[in-house]
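Work through the exercises below with the structure at hand. Try each task before you read its solution.

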Amino acid sequence: TKHPLMTELDKVIEIYNRMGFDVMESRQLDDEFHMFESLNFPKDHPARDGYDTFRTSEGYIPPAHTSTMQHRALLKYQPELERDGQIAVVIPGRVFRNEDADATHEHTFYQCEGVFVSQDATMGQMFGVLKQFFEYYYGQKLKIKTQPGYFPFTEPSAELLIEKPAALGGKGGDWLEMLGCGMI
């Protein structure tokens, strides 16, 4: 039973903990390497432009995504990979994007990155984990579908959609794009 004071982020973390994931906190400020280079963003990628990414006068970057933590997670959890054969960690964090706010966009919000590594990890396994997460979160069975996507730091990449849950007024046949995902 959800405690009345539990935040949505706490609920997300609690579900992933039950699913066997460790939690690693994201950073509020980061650097070019973790924001772009370690994630294979080309030098001329539009996200590197000052119009898309906030920067401090000292050159630090408030992260536009929690993927800035992928490199750190792989290094930190490498002993678990060697010992247990897998890394399973989620990285919740606040992200900042230089865009106009509207019904589907916000400049500051929370995101949750998942990093799962094993010798036999598959896209099907990833889709199953995400489906299970959303079913726990919304408290009902849900259909999912995927469509091709592009992210510099995953290959292959996909966008995951869920059948609109009853809690959000779904009546079947309505779909919500929930996230981008792929193989690191």
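The model is predicted: local features need pLDDT of at least 70, side-chain atom pairs count only at pLDDT 80 or more, and totals for chains, interfaces and linings use all residues. Residues are numbered from 1 along each chain as its sequence is written, and side-chain values use heavy atoms, without hydrogens and water.

**Exercise 1.** Describe how helices α1 and α5 cross.

Step 1. Find α1 at residues 8-18 and α5 at residues 123-138. Helices are DSSP runs of H or I with at least four residues, and strands are E runs of at least two, numbered from the N terminus.

Step 2. The two axes come within 10 Å and cross at roughly 130°. Axes are lines fitted to C-alpha atoms over the stretch in contact, and angles run from 0 to 180 degrees between N-to-C directions.

Step 3. α1 and α5 are therefore oblique to each other. Angles under 35 degrees count as roughly parallel, over 145 as roughly antiparallel, 65 to 115 as roughly perpendicular and the rest as oblique.

**Exercise 2.** Work out the strand order in the sheet.

Step 1. The open sheet has three strands, ordered β1-β2-β3, with mixed pairing. Strands pair if DSSP finds at least two bridges between them.

Step 2. β1 (22-23) and β3 (108-118) are at the edges with a single partner strand each, so one side of each has no neighbour in the sheet.

**Exercise 3.** Find the partner of Glu14 in a salt bridge.

Step 1. Apply the cut-off: a side-chain nitrogen of Lys or Arg within 4 Å of a carboxyl oxygen of Asp or Glu.

Step 2. The partner is Arg18, with the closest N and O atoms 2.9 Å apart.

Step 3. Both residues lie in α1, four residues apart, about one turn of the helix.
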